[in-house]
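This report walks through one protein chain, from overall fold to single residues. Keep the viewer open while reading.

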Amino acid sequence: SSAASDVYKRQAIKNVRKAILAGDKAAAQTLYVTAQSVIDSMADKGVLHKNAAARHKSRLVVAIKAMA
């Protein structure tokens, strides 16, 4: 269901954000790969609009790159 996959997406994004806040760039990059596949699969299924998916991924990448 879309509700379940939305929880999965939010959890994946939250995990990346937690690693960024913790200052762990390696973990953030590893978690980003997982988040990216979750977001992409949702966009492929039509649960998430492809532009919204791109926006989520872009913001995570920007946050990871902004780390020291």
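Is Lys9 buried or exposed? Lys9 is buried, with a relative accessible area of 9%. Here buried means under 20% relative accessible area, exposed means over 50%, and partly exposed lies in between (1.4 Å probe, protein chains only).

## Model and confidence

This is a predicted model, in which local features need pLDDT of at least 70, side-chain atom pairs count only at pLDDT 80 or more, and totals for chains, interfaces and linings use all residues. Residues are numbered from 1 along each chain as its sequence is written, and side-chain values use heavy atoms, with hydrogens and water left out.

The pLDDT is the predictor's confidence in each residue, from 0 to 100. Its mean over the protein chain is 94. Of the residues, 99% reach 70 or more. Among the elements, α3 has the highest mean pLDDT, 97. The lowest, 92, belongs to α1.

## Overall fold

The protein chain holds three helices and zero strands. Its pattern along the sequence is α-α-α. Helices (H or I, at least four residues) and strands (E, at least two) are DSSP runs, numbered from the N terminus.

The C-alpha atoms fill a box of roughly 35 × 20 × 15 Å along the principal axes.

Buried residues make up 32% of the 68 residues. The protein chain exposes about 4,400 Å², and carbon and sulfur atoms supply 57% of that area. Accessible areas come from the Shrake-Rupley method with a 1.4 Å probe; for residues, only the protein chains shown count as cover. Contact means heavy atoms within 4.5 Å. Of the contacts with a separation of 6 or more, 66% join residues 24 or more positions apart.

## Helix α1

Helix α1 has 21 residues, which should span 30 Å at 1.5 Å a residue; the end C-alpha atoms are 30 Å apart, which agrees. The expected span is 1.5 Å times one less than the number of residues. In α1, the buried residues are Ser5, Lys9, Ala12, Ile13, Val16, Ala19 and Ile20. Seen down the axis of α1, they fall within an arc of 120 degrees, so they line one face of the helix. The arc is that of the directions from the helix axis to the C-beta atoms.

The cover over these buried residues includes α2 and α3. On the other side of α1, Ala3, Lys18, Leu21 and Ala22 are exposed. Just after α1, Gly23 has a positive phi of about 80 degrees.

## Helix α2

Helix α2 also gets a span check. Its 21 residues reach 30 Å from first C-alpha to last, close to the 30 Å expected at 1.5 Å a residue. Buried here are Ala28, Tyr32, Ala35, Val38, Ile39, Met42 and Ala43. What covers them includes α1 and α3. Gly46 follows α2, with a positive phi near 85 degrees.

## Helix α3

Helix α3 runs over residues 50-65; its 16 residues should span 22 Å at 1.5 Å a residue, and the end C-alpha atoms are 22 Å apart, which agrees. Its buried residues are Ala52, Ala53, Lys57, Leu60, Ala63 and Ile64. They cover an arc of only 135 degrees around the axis, which puts them on the same side of α3.

These buried residues pack against α1 (2-22) and α2 (25-45). On the other side, Lys50, Arg59, Val62 and Lys65 are exposed.

Lys9 lies in helix α1. Not counting residues up to four places away in sequence, Lys9 touches Val38, Ile39, Met42, Leu48 and His56.

Ser5 is also found in α1. Ser5 is buried, with a relative accessible area of 16%. Beyond neighbours within four places in sequence, Ser5 is in contact with Met42 and Val47.

Where does Val47 lie? Val47 lies in the loop between α2 and α3. Val47 is partly exposed, with a relative accessible area of 36%. Leaving out residues up to four places away in sequence, Val47 touches Ser2, Ser5 and Met42. Val47 and Ala4 are 43 residues apart in sequence and 11 Å apart in space, C-alpha to C-alpha.
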